Amino acid sequence: MSNPPALLRHYVNGEFVTTPRTFGKLSPIDGRLLGRVCEADAELVDRAVAAARSAQEGAWAHYSASQRADVLLRIAEGIERRFDAFVAAEVADTGRPVHQARTLDIARGVQNFRTFAELIRQTGGEYYEMRTAEGEDVFSYTLRKPHGVVAIISPWNLPMLLLTWKVAPALACGNAVVVKPSEDTPSTATLLAEVMQAAGVPAGVFNLVHGFGPNSAGEFLTRHPGVDAITFTGESRTGATIMKAAAEGVREVSFELGGKNAAVVFADCDFEAAVAGVLRSSFTNTGQVCLCSERVYVERPIFERFVAALKAGAEGLKIGYPDEPDVKMGSLISHAHRDKVLGYFELARQEGATVVTGGDIPHFGDDRDQGAYVRPTIWTGLADDARCMREEVFGPVCHVAPFDRDDEVIARVNDSDYGLAAAIWTRDLKRAHQVSRRLRVGMVWVNTWFLRDLRTPFGGARLSGLGREGGRHSLDFYSEATTVCVNP
């Protein structure tokens with residue numbers, strides 16, 4: 001007889017908490033039940049926020065920046081000690097290849113805590129001297145103070161990476177947090193709570209509540225008057241809903257939302273590098289990255305050759321079990337999300353797209369046929385105003401279109417409701433600098449993709465988000481400055 005499914009619990013005020021209402025977590029790999037997850041009600045969210053407030057104003061308030069950095073380093077060490085367990089949990093929840101979870105997701109989680117531990121030790125305030133009209137010398141300095149209680153709503157596409165990217169700077173700045181992970185990916189957040197407990201994080205500094213969005217943990221948390229700031233990564237419509245809730249009390253918000261990102265391939269590019277780069281930027285994590293390239297513009301002299309090479313590359317991507325050798329693509333996050341992606345595949349055909357490759361479900365003849373897989377898909381032939389060119393699919397798909405002039409492609413890239421990221425492929429760095437300056441996005445890559453120094457700002461424009469996080473920019477969000485002016 002097999003063991004009963006695991007039960008994932010909340011973590012409030014230093015203790016794991018069970019609630020009677022639960023929901024199932026299904027494997028996107030083969031559809032089996034992985035476990036059950038406790039769902040938080042409003043009363044539990046109240047308890048979590050109260051615990052965070054008490055801890056932040058109590059024990060945690062007495063920790064210096066250096067002491068908080070020490071705590072972050074212990075958390076990083078705790079994740080490393082259980083590295084394989086985190087990898088297994090991330091893979092089970094998401095269906096992503098094991099090598100990606102090991103080298104990106106969990107490794108970055110460790111790095112996030114270490115980066116912000118180092119940064120908070122090095123960050124000081126500002127100091128200014130001035131002389132008044134009366135000839136008196138005065139000086140002013142600034143202090144960084146935590147907001148208090150920060151609500152962290154994290155997504156399912158890069159669960160550990162994006163959760164730790166928010167938790168680490170929030171704790172570094174002296175806040176207490178209440179975390180609500182996606183209902184699709186609750187496992188690594190629960191493991192992180194265990195690490196927090198083992199690392200000696202004071203009770204109430206880190207709290208975890210599971211559940212959904214509307215009329216569940218997400219809504220209860222973002223509407224809670226005891227929350228001082230909210231950070232959210234997810235789709236733009238949810239971000240707009242959270243912003244309305246945050247308006248009550250005029251609370252700080254940081255949103256990293258969707259994208260309809262473009263890649264621009266100039267004829268003078270390193271052709272093989274550009275093909276490999278666009279394959280990666282379109283199909284990594286089965287296209288479920290807010291930074292993926294769904295719109296690809298290729299200068300006309302190499303357009304036909306590029307489409308043929310991209311097609312061959314996409315058809316050569318191995319789809320399969322996460323632990324298979326050389327597997328490049330796993331499943332989508334769920335059957336519900338696959339239905340959404342397949343809906344766009346059908347819409348693209350209705351809008352006149354030519355399906356170069358993909359657009360369907362692979363068949364394996366084993367348990368994977370119960371999973372949430374789709375083939376990598378390439379379209380051509382859509383008009384710029386087609387819905388599939390303007391709405392984020394968030395799946396393994398890109399549309400490739402030709403262009404003739406720099407001004408033309410810049411206008412087409414900028415003709416979007418989103419503004420998160422873009423990638424440029426060219427050997428002409430002067431052109432790359434000029435084009436980058438004119439693109440209305442938060443981040444531009446030149447001859448690369450998904451490469452970022454953690455100290456640099458990250459965020460988008462328009463429907464892609466509000467504010468910047470990363471490095472000192474994260475510290476600016478998770479703390480507020482007080483100016484002290486002294487007349488000796």
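In this predicted model, the lining of the largest cavity is made up of eleven nonpolar residues, one polar residue and three charged ones. The notes below place that lining in the structure and then move on to the strands.

**The largest cavity and its lining**

- The volume of the largest cavity comes to about 200 Å³.
- Lining this cavity are 15 residues, and those closest to its centre are Arg 108, Leu 291, Phe 450, Arg 452 and Phe 458.
- Helix α5, which covers residues 159–172, gives the largest share of the lining, with three residues.

**Cavities across the structure**

- Searching the whole structure turns up six cavities of 30 Å³ or more.

**A three-stranded sheet**

- Three strands form an open sheet in the order β1-β5-β4, and their pairing is mixed.
- At the edges sit β1 (6–8) and β4 (22–26), each of which pairs on one side only.
- On average, and with direction ignored, neighbouring strands of this sheet are turned by 30 degrees against each other.

**How β4 meets β5**

- Strands of a sheet pair through backbone hydrogen bonds, and the pairing can be parallel or antiparallel.
- Which sense applies to β4 and β5? Strand β5 (residues 33–38) and β4 pair in the antiparallel sense, over five bridges.

How values were computed. Residues are numbered from 1 along each chain as its sequence is written. This is a predicted model: local features need pLDDT of at least 70, side-chain atom pairs count only at pLDDT 80 or more; totals for chains, interfaces and linings use all residues. Side-chain values use heavy atoms; hydrogens and water are left out. On a 1 Å grid over the protein atoms alone, a cavity is a set of points where a 1.4 Å probe fits but cannot get out, and a pocket is an open set with protein on both sides within 12 Å along at least five of seven lines; lining residues have an atom within 4 Å of a point. Grid points are joined across faces, edges and corners, and a volume is the space filled by probe spheres set on the points. Helices (H or I, at least four residues) and strands (E, at least two) are DSSP runs, numbered from the N terminus. Ala, Val, Leu, Ile, Met, Phe, Trp, Tyr, Cys and Pro count as nonpolar, Asp, Glu, Lys and Arg as charged, and the others, Gly among them, as polar. Two strands pair if DSSP finds at least two bridges between them. Axes are lines fitted to C-alpha atoms, for helices over the stretch in contact, and angles run from 0 to 180 degrees between N-to-C directions.
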